[in-house]
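Hi,

Here is the structure I promised to pass on, with the sequence alongside.

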Amino acid sequence: MHEVIVSVLCYPCNYVGLGSEGSLGIISKVSILTPPKLSSVNLAFLACKDYVSCQNLLLEAKRKLGNILSAFEFLDSHSMDLVLNHSEGVRNPLPPSMHNFYVLIETTGSDQSYDKEKLEAFLLRSMEVGLISDGVLAQDINQAFSFWRIREGVPEALMKAGAVYKYDLSLPIEKMYDLVEEMRMRLGPAAKVVGYGHLGDGNLHLNISLPEYDDTVLGQVEPFVYEWTSKHRGSISAEHGLGLMKANKIHYSKSTESVHLMVSIKKLLDPNGILNPYKVLPSSLTS
């Protein structure tokens with residue numbers, strides 16, 4: 001095994017991996033270069049009437065905000081309800097109303113005055129053309145934290161609500177929420193289907209919330225979710241990786257030829273199967 005030295009340009013929340021979940025090598029030394037923190041951060045919490053508005057808002061944000069756009073998150077009203085009902089100290093920053101979707105936009109740059117004016121102009125124009133039905137711009141770091149607390153509080157709220165089946169999917173943006181709506185029709189009132197995630201990255205967190213785990217419901221969810229994702233040219237594993245539980249589902253995202261090639265490389269570099277074993281690749285091919 002050769003020593004691997006990795007040089008990393010490190011930003012907050014980034015991490016180093018090698019060969020997908022550490023299965024193809026060992027990082028023995030890391031050199032980190034940390035750039036100075038940018039001085040200008042602005043955050044807006046917005047409401048949209050439908051998913052199409054969320055999509056169009058993202059397209060406009062990419063056009064008008066350019067390289068200062070650093071985050072574009074979305075959550076549906078079901079996600080918001082869960083956070084409000086199961087998280088302490090969290091409140092909706094917008095006046096009570098029937099909003100179907102919420103979007104969090106963050107910009108990061110080096111000129112606070114210019115960046116804020118640019119974001120405000122974008123938000124005003126978006127409201128005038130109907131992409132935004134309501135919204136608020138964070139006035140200080142505490143309010144910005146409270147906005148992020150809503151989005152980041154969804155997984156915790158789901159765990160407090162009961163049993164939950166989680167899926168981390170990558171899909172074409174125009175198809176992302178179709179899966180959520182189809183799952184609601186498929187499961188009916190037996191479960192609460194929740195959709196949220198990193199819209200700017202095409203990453204959907206699909207969650208099915210139940211009072212307790214139910215094999216009958218799981219049988220309606222799997223393999224349907226994987227088949228639907230594969231049919232629409234998505235990936236069954238986005239930011240969280242295949243890991244152990246989904247290793248045998250890799251064929252929904254990769255062709256048979258690709259999987260066999262990955263197995264060959266794995267066996268070449270790790271003939272004894274000691275590097276993060278049982279992960280990513282099907283056990284039937286690696287044993």
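Before the findings, some ground rules: this is a predicted model, in which local features need pLDDT of at least 70 and side-chain atom pairs count only at pLDDT 80 or more, while totals for chains, interfaces and linings use all residues. Residues are numbered from 1 along each chain as its sequence is written, and side-chain values use heavy atoms, with hydrogens and water left out.

Let me start with Phe101, which is buried at a relative accessible area of 6% (buried means under 20%, exposed over 50%, and partly exposed in between, with a 1.4 Å probe and protein chains only). Tyr177 is buried too, with a relative accessible area of 3%.

For the cut-offs, rings of Phe, Tyr and Trp (its six-membered ring) pair if their centres lie within 6.5 Å; planes under 30 degrees apart count as stacked, over 60 as edge-to-face and the rest as tilted. Because Phe101 sits in strand S5 (residues 101-109) and Tyr177 in helix H6 (residues 176-187), the pair ties together parts that are 76 residues apart in sequence. Helices (H or I, at least four residues) and strands (E, at least two) are DSSP runs, numbered from the N terminus. Ring pairs also link Phe101 and Tyr177 with Tyr51 and Phe74 into a cluster.

Next, the strands around S9. Strand S9 (residues 203-210) is mostly covered, with eight of its eight residues buried. On one side these are Asn203, His205, Asn207 and Ser209, and on the other Leu204, Leu206, Ile208 and Leu210.

Which strands pair with S9? Strand S7 (residues 163-170) does so in the antiparallel sense over eight bridges (two strands pair if DSSP finds at least two bridges between them), and Tyr167 stands opposite Leu206 in S9. Strand S8 (residues 192-198) is joined to S9 by seven bridges, again antiparallel. Here Lys192 stands opposite Ser209, and Val193 has Ile208 as its bridge partner. S8 and S9 form a hairpin with four residues between them, and Gly202 in the turn has a positive phi of about 65 degrees.

S8 itself is mostly covered, with six of its seven residues buried. Two bridges join strand S4 (residues 69-76) to S8 in an antiparallel arrangement, where Leu75 stands opposite Tyr196.

Finally, the surface. Leu261, Ile265, Leu268 and Leu269 form a nonpolar patch there, with about 400 Å² of accessible area together. One of them, Leu268, is in helix H9 (residues 256-269) and counts as exposed at 69% relative accessibility. Patches are made of residues with over 30% relative accessible area and no salt bridge, joining like charges within 9 Å and nonpolar side chains (Val, Leu, Ile, Met, Phe, Trp, Tyr) within 5 Å. A salt bridge is a side-chain nitrogen of Lys or Arg within 4 Å of a carboxyl oxygen of Asp or Glu, and accessible areas come from the Shrake-Rupley method with a 1.4 Å probe, where for residues only the protein chains shown count as cover.

Best wishes
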